[in-house]
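Please read the following report with the sequence and the structure side by side, and look up each residue as it is named.

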Amino acid sequence: MNWLRRWNARSLASQFFIAGGLISIAAMFVVGFFVSHLIEETVIHNSGAATALYVDSVIAPLLPNMQTESLLDDASAQALDETLGQGALGKRLVSFKLWRSDGTILYSNEKELVGKTFAVSDKLQRAFAGSLVARYEIASDPESDKERALGKPLMEIYNPVLQPWSGQAVAVLEFYETAEGLGDSLAHARLRSWGAVAALTATFFLVLSVLVFRGSRTIEAQRKDLKERVTELSALLAENRGLQRRLQRASQRAAALNETYLRSIGADLHDGPAQHIAYASLRLDSDVLINASTQPEAREKELAWIRSSLAEAMTEIRNICSGLVLPQIEKSSITEIVTRVVDVHQHKTESHVETVIDEDGPELPPAVKICIYRFVQEALNNAYRHGGGVQQTVRAVSHKGHVRVEVSDRGDGFDPTEVRPTSLGLVGLRERIDSLGGSFDIKTGEGGTTVTMIFEPMEVGE
């Protein structure tokens with residue numbers, strides 16, 4: 001089946017050119033043979049009919065009543081001999097025979113054949129049926145030894161002799177003529193018919209080829225374009241599947257992180273404000289406040305301790321809330337967002353942060369702005385806690401939808417493999433960025449730590 005695969009691998013135009021060419025050549029031979037054969041038969045028949053009409057007009061008056069004569073009488077035979085042996089007929093006719101329906105030769109210019117009976121041939125039967133029979137060929141009949149000895153094609157004509165009143169064939173004239181020039185005429189007619197058929201077939205095939213080649217080029221262009229589109233769609237589908245898996249994993253990890261966040265907030269509330277409030281609650285039930293005999297100074301001192309515990313609880317609650325609640329950043333630019341985070345961090349830690357911002361891109365989605373805020377906030381907190389706040393730098397670039405934010409310090413660095421999966425800071429940042437289709441990277445060592453987040457234009461648009 002290799003040939004079938006090779007055939008299917010060809011273009012439609014190539015397949016048409018090969019198959020159509022073979023079919024056109026076969027059709028040309030079939031039509032050419034049929035047309036040339038039809039032309040040859042027509043030429044031979046017309047030529048034979050003209051000669052038969054001429055011979056019949058000369059010979060018929062010399063014949064007696066053929067229904068009553070078994071052989072020609074001497075007078076009729078002598079008249080035929082004189083007529084056929086001279087003049088135009090004498091030059092054209094090679095032989096002449098007069099047949100009876102039973103195959104008997106009534107007259108012939110070859111005297112030894114007169115009176116002999118031969119098997120009735122198909123041509124003779126057709127002539128007795130009333131049809132003119134003309135052939136241009138080398139003689140092959142048993143009674144045609146003389147004509148066959150010439151070794152060249154002759155015009156053989158069977159002309160029925162008809163009764164004037166009934167139209168019935170009572171005898172048949174058979175004669176051979178030289179038909180000089182007929183062979184050249186037939187060859188010329190054959191050549192012209194083949195040429196006409198070949199020209200018509202070639203023109204038809206060329207016109208169809210032009211149309212098919214144009215259609216094939218269009219189909220090939222559409223097939224190529226479709227293949228490219230399928231390739232692009234396949235790549236996009238694979239990418240979407242990858243993103244979907246990433247989002248599913250990020251969603252699962254985000255759910256786990258949210259639970260961890262909640263436990264962390266619960267622990268902060270329990271270990272901080274709840275302890276202070278519980279302490280104040282216990283002091284409210286102390287004997288110092290309940291006993292009426294307690295001195296005012298002691299009671300005031302006890303109330304001061306209670307107020308101090310409640311104040312510390314409120315402060316810790318406000319600190320926890322300030323870390324959870326975001327400012328209004330939906331309509332802020334990247335410059336405003338980064339500047340706000342840096343100012344809060346500098347005020348809180350009393351450290352210095354170098355800021356480099358280059359912004360000329362389009363408006364970003366709110367989710368990306370929130371992600372930038374949390375990224376800078378958490379990265380600066382880590383730089384201060386683990387890197388000592390040494391040479392803290394924030395670089396933010398937004399250009400034509402491409403967003404790159406980088407937070408670095410010159411601290412001692414850390415080992416990324418030692419970061420626990422349950423760590424809320426770096427793991428939370430990575431999951432947040434992955435969920436939005438961005439990329440997250442950490443580089444750390446003796447020279448410091450650099451944390452980078454990147455969003456590409458298509459990812460930001462999504």
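In this predicted model, serine 351 lies in the loop that runs between helix H11 (334–349) and strand S6 (353–359). Is serine 351 buried or exposed? Its relative accessible area is 17%, and because buried means under 20% relative accessible area, serine 351 counts as buried. The side chain of serine 351 takes part in a polar contact of 2.6 Å with the side chain of threonine 349, and another polar contact, of 3.1 Å, joins the side chain of serine 351 to that of glutamine 392. When the neighbours within four places in sequence are left aside, serine 351 is in contact with His345, Gln346, Tyr384 and Gln392.

A second topic is the aromatic rings, for the structure holds two aromatic pairs. The table sets them side by side.

| Aromatic pair | Distance between ring centres | Angle between planes | Arrangement |
|---|---|---|---|
| Tryptophan 99 and phenylalanine 118 | 6.2 Å | 70 degrees | edge-to-face |
| Phenylalanine 375 and phenylalanine 440 | 6.4 Å | 85 degrees | edge-to-face |

The pair of tryptophan 99 and phenylalanine 118 links distant parts of the chain, since tryptophan 99 belongs to strand S1 (residues 93–99), while phenylalanine 118 sits 19 residues apart from it, in the loop between strand S2 (105–108) and helix H5 (122–128). Tryptophan 99 has a relative accessible area of 2% and is therefore buried.

Why is the pair of phenylalanine 375 and phenylalanine 440 edge-to-face? The planes of these two rings stand at 85 degrees, and planes over 60 degrees apart count as edge-to-face. This pair, too, links distant parts of the chain, with phenylalanine 375 in helix H12 (residues 366–387) and phenylalanine 440 in strand S9 (residues 439–445), 65 residues apart. Phenylalanine 375 is buried, at 0% relative accessibility, and phenylalanine 440 is likewise buried, at 10%.

Strand S4 (residues 154–162) is mostly covered, as eight of its nine residues are buried. How many bridges join S4 to strand S5? There are eight of them, and S4 and S5 (residues 169–177) run antiparallel; within this pairing, glutamate 156 stands opposite tyrosine 176 in S5. Strand S4 also pairs with strand S3 (residues 133–137), again in the antiparallel sense, over five bridges, and here glutamate 137 stands opposite leucine 154 in S4.

Conventions:
Residues numbered from 1 in each chain as written. Predicted model: local features only at pLDDT ≥ 70, side-chain atom pairs only at ≥ 80, totals over all residues. Heavy atoms only, no water. Helix = DSSP H or I, 4+ residues; strand = E, 2+ residues; numbered from the N terminus. Buried < 20%, exposed > 50% of the residue type's maximum accessible area, 1.4 Å probe, protein only. Polar contact = N/O pair within 3.5 Å; in protein donor to acceptor, adjacent residues only side chain to side chain. Contact = heavy atoms within 4.5 Å. Phe/Tyr/Trp six-rings, centres within 6.5 Å; stacked < 30°, edge-to-face > 60°. Pairing = 2+ DSSP bridges.
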